[in-house]
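Visitor: Please take me through one part of this model at close range. I would like the aromatic residues and the helices around them.

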Amino acid sequence: MLMAKAYVISHQTLTDADRFMTDYVSKVEETLEPFGGRFLVRGGAISYREGEVLGDSSAVVEFPDRTAALAWQASEQYQAILPARMESSTGSFVIIEGVPE
């Protein structure tokens, strides 16, 4: 049986857009590569159809599996830039397993 991919889903409301872009967004992609992560959604226009607005910026990152996603989140590289996200935005950040292939 193949492992299910895992996804990081983030919805952020920016409190300091300049810092968010400079100290987090510009650096996060390079932290994904060693763990097989890649953006499926990164910013872009959002059209809410139901429910509450979830923030100014949304992203979906795909990883080969949950172990890789958790290792990325705990990595030294990601932890080094995490304060920039935490201090320049508020919102949700979840890791969820996909459907087994």
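Are F63 and W72 buried or exposed?

Guide: Both F63 and W72 are buried, where buried means under 20% relative accessible area, exposed over 50% and partly exposed in between, with a 1.4 Å probe and protein chains only. A word on the basis. This is a predicted model, in which local features need pLDDT of at least 70, side-chain atom pairs count only at pLDDT 80 or more, and totals for chains, interfaces and linings use all residues. Residues are numbered from 1 along each chain as its sequence is written, and side-chain values use heavy atoms, with hydrogens and water left out.

Now the rings. The structure holds 6 aromatic pairs. Rings of Phe, Tyr and Trp (its six-membered ring) pair if their centres lie within 6.5 Å; planes under 30 degrees apart count as stacked, over 60 as edge-to-face and the rest as tilted. F63 and W72 form a tilted pair, 5.4 Å centre to centre with 35° between the planes. The ring centres of Y78 and F93 lie 6.4 Å apart and their planes meet at 20°, so this pair is stacked. The Y78–F93 pair links distant parts of the chain: Y78 sits in helix α3 and F93 in strand β4 (residues 89–97), 15 residues apart. Helices (H or I, at least four residues) and strands (E, at least two) are DSSP runs, numbered from the N terminus. Y78 and F93 are both buried. Ring pairs join F20, Y24, F63, W72, Y78 and F93 into a cluster.

W72 also has a polar partner. Its side chain makes a polar contact with the side chain of T31 at 2.9 Å. A polar contact is a pair of N or O atoms within 3.5 Å; within protein, one must be able to donate a hydrogen and the other to accept it, and residues adjacent in sequence count only if both atoms are side-chain atoms. T31 lies in helix α1 (residues 17–32). T31 counts as buried, at 5% relative accessibility. Beyond its neighbours within four places in sequence, T31 is in contact (heavy atoms within 4.5 Å) with W72, Q77, Y78 and I81.

Last, the helix pair. W72, Q73 and A74 in α2 meet E76, Y78 and Q79 in α3. The residues of this contact divide into 3 nonpolar, 2 polar and 1 charged. Here Ala, Val, Leu, Ile, Met, Phe, Trp, Tyr, Cys and Pro count as nonpolar, Asp, Glu, Lys and Arg as charged, and the others, Gly among them, as polar.
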